Amino acid sequence: MRERSLDQVRNELHSWFLRAYVCKVGYYAIDLYSGRLPLGDEEPTKYPTPVSKADLEQAEKTAKEVAEPLRILILGRSNAGKSSLINALFGELTTSTDVLPDTTQALQPFTLSREGLTQALIFDSPGCDSSFFDDKQMLAAAGNADLILWISPANRPDRQIERDSLNALRASQAVRMDRHPPPLLVVASFIDRLRPVNEWHPPYDLTDRQDIKAANINAAVRAIATDLAVPVEQVIPVCLLEGKVYNVDDTLWAAILNHQDEALRVRLIRCLDARKRAEDWVMLRRQMAGAGRFLLDLPEILGKHSGR
Ligand SMILES: Nc1nc2c(ncn2[C@@H]2O[C@H](COP(=O)(O)OP(=O)(O)OP(=O)(O)O)[C@@H](O)[C@H]2O)c(=O)[nH]1
Ligand SMILES: [Mg+2]
């Protein structure tokens, strides 16, 4: 009798494991051969992911049902002009800036709606060299970003801190084979502080070698591109000082829009990943429920067989 009961349990377990196994294999086979196409019919960006939903609530203080926003992350060292860039993009005072470092002490989302740009969440951040923002926090924020704007002050040639942070960022992106790294634009701020310091007569033609200020801006852009290992055309020189803002609404904005398609692809893969995680949880829950039901039924099954 005991042997027969054990046989029965073994058979039940065997078929349960087999079912779970077929389920899992089927799931990953679809995932693999469909090139990570969504398993459902719905557009994966139609609703915000849980992380964006929380950020939208923080930014808007209301819970609206909107599509997944494009997530733009501003990074850079302390006092680089990260918050000033937010204000320049919004055209009004949106976040605090100060000559003292560590003015921004936490990641702060803002909703950004501009013509030509998909509804976006733009994140101000503390400096990458600040005690308020360690590498882990920076990498987590970058892992959820579709476009990164790295602010580098043109008048500070000591860029090792920035290079180290960017290297950490690139290393973390390199190991994520399932994700596409977000495009990175470098915004060279403080160009008004380049020599001759007292001269400020924009617009500047960077190809004009006779103009010392323009030549110095050009040299700083090239130095930043080399120091941070980015293509020179991805470095945009700007001035972000309130009242003196230069090159943001035209050149920087055009560069952001130029990278929008790539950023939207990053958003799609990010949403597919979020959906897959959610589906994994649903499947795990289902399997746990199935296993629970089987274990609950087990005494009855055993009783039936022992009574036979
Ligand atoms: N001259 C000049 N000043 C700038 C420029 N960008 C920012 N500033 C000034 O630099 C100071 C620091 O700017 P923030 O925007 O607060 O810099 P941040 O990167 O947000 O700094 P933290 O939040 O402390 O990390 C402020 O006083 C700004 O007005 C610029 O392009 N030129
Ligand atoms: Mg700030």
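Mentor: Start with the overall division: the protein chain is assigned domain 1 (2–43 + 271–307) and domain 2 (69–258), with bounds from an automatic or database domain assignment. The C-alpha centres of domain 1 and domain 2 lie 48 Å apart. The model is predicted, so local features need pLDDT of at least 70 and side-chain atom pairs count only at pLDDT 80 or more, while totals for chains, interfaces and linings use all residues. Residues are numbered from 1 along each chain as its sequence is written, chains are lettered from A and ligands numbered from 1 in the order in which they are written.

The part to look at is a pair of helices. Helices (H or I, at least four residues) and strands (E, at least two) are DSSP runs, numbered from the N terminus. Two packed helices are described by the angle between their axes and the distance between the axes. Helix 4 (residues 135–143) and helix 5 (residues 160–174) have axes that come within 10 Å and cross at roughly 50°. These axes are lines fitted to C-alpha atoms, for helices over the stretch in contact, and angles run from 0 to 180 degrees between N-to-C directions. Angles under 35 degrees count as roughly parallel, over 145 as roughly antiparallel, 65 to 115 as roughly perpendicular and the rest as oblique; helix 4 and helix 5 are therefore oblique to each other.

Next, the residues. Helix 4 contributes Asp 135, Met 138, Leu 139 and Ala 142 to the contact, and helix 5 contributes Ser 165, Ala 168, Leu 169 and Ser 172. Contact here requires C-beta atoms, placed from the backbone, within 7 Å. By class, the contact has 5 nonpolar, 2 polar and 1 charged residues. Ala, Val, Leu, Ile, Met, Phe, Trp, Tyr, Cys and Pro count as nonpolar, Asp, Glu, Lys and Arg as charged, and the others, Gly among them, as polar.

Definitions and conventions
Contact = placed C-beta atoms within 7 Å.
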